[in-house]
Amino acid sequence: MFSPWIGNTITRHKHLYGIAKGNYFYTCGFSPMVIFDNHMHLQERGDFINAIQGFMKYGGTHLNFCPYTRVGAIAKEKSYMGCYEEGLKLAEYAMQKTGVTIFVTCGPYPVDYLKLRDIMGRKDAVALMKKGMEEAQHLCMEKKAIAIGEIGRPHFKVDEEAWRDSNEILEYGMVLAREADVPVVIHMEGATPTNMKELVEMARKAGLPKEKVIKHYSPPLIRPEENHGIFPSVIASESNIRESLKKGLRFMLETDYLDDVRRPGAVLALHTIPKKLQKLLQQEEITDDEMIVINKENPETVYGIALD
Ligand SMILES: [Zn+2]
């Protein structure tokens, strides 16, 4: 996909040529190093192609894209499939336009529950969220999506009923993920060792291996006693990356890029991961081998995909 004569890609030069780290303008004809953003959003009316080109400019190669859900349309259609399919189309278009590789993760966004409950009442809202899980599972089974997410519970305080229903919907999603042998990507309140342990218990009940539970928007909870086996997808601020590296290599990085023109560069700009890793490579704070674990081997293991 990458022309070997295009610069701007991080190549595995260290092992091949012993060339100084950090210089990524290599044209040796070998495959570029994989640089993966594990959670981000795109919108046709956002910065979209431009943002992806920014990611690629710094050496980014692979994205895990999570399509937005539109509650109005979902309530009307009584289905999430329309939104998921729109996301798949958007990914396809962006791949053709840019040459980047885009995987899709889809699922009923936890905050939708509150809006759907207002529109159609509790019972129907729960049923529709569960149907959204089934539709996401279907796309995973068809290999059009790689995970069910972001699912979970609202990240802010909600009433008792919403909390219980959200947990029930999440558990259902975990059961479906186990059946499809794919991970879940979790959206919830801020991660702590305590609620990570709670997630492990939920996954155990659902029969889903805890390694297949990815905490999106995670702080650097890298040590086993911090995440209890849940897989952290760390928000890629420089301080988070540094702290994560000090603790181990069992994590992925994400920007949670929103692609919202009213909030440019939020949560982090899409070019953040390749740009920061490039800088850390130059400063010899990360090695090529560590880069490969975080960007390639970890996602390959967790999702059961190949990143080339
Ligand atoms: Zn997100």
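Two residues are in contact if their C-beta atoms, placed from the backbone, lie within 7 Å. The model is predicted; local features need pLDDT of at least 70, side-chain atom pairs count only at pLDDT 80 or more, and totals for chains, interfaces and linings use all residues. Numbering starts from 1 along each chain as its sequence is written.

**View A. Surroundings of isoleucine 148.** Beyond its neighbours within four places in sequence, isoleucine 148 contacts Gly107, Met133, Ala136, Gln137, Cys140, Gly173, Leu176, Ala177, Val182 and Val184.

**View B. The largest nonpolar core.** A nonpolar core is a set of buried Ala, Val, Leu, Ile, Met, Phe, Trp, Tyr and Cys residues joined through C-beta atoms within 7 Å; buried means 20 or more other C-beta atoms within 10 Å of the residue's own, placed from the backbone. The largest such core has 82 residues, and Phe65, Ala147, Ile148, Val184 and Val213 have the most contacts inside it. Helix 6 (residues 122-141) gives the most to this core, seven residues.

**View C. Strand 3 and its partners.** Strands (E, at least two residues) and helices (H or I, at least four) are DSSP runs, numbered from the N terminus; strands pair if DSSP finds at least two bridges between them. Strand 2 (residues 62-65) runs parallel to strand 3 and is joined to it by four bridges, with asparagine 64 opposite phenylalanine 103. Two bridges pair strand 3 with strand 4 (residues 147-152), also parallel, and threonine 105 faces alanine 147. Five of the six residues of strand 3 (residues 101-106) are buried, so the strand is largely enclosed by the rest of the structure.

Notes. A residue is buried if 20 or more other C-beta atoms lie within 10 Å of its own, exposed if 12 or fewer, and partly exposed in between; C-beta atoms are placed from the backbone.
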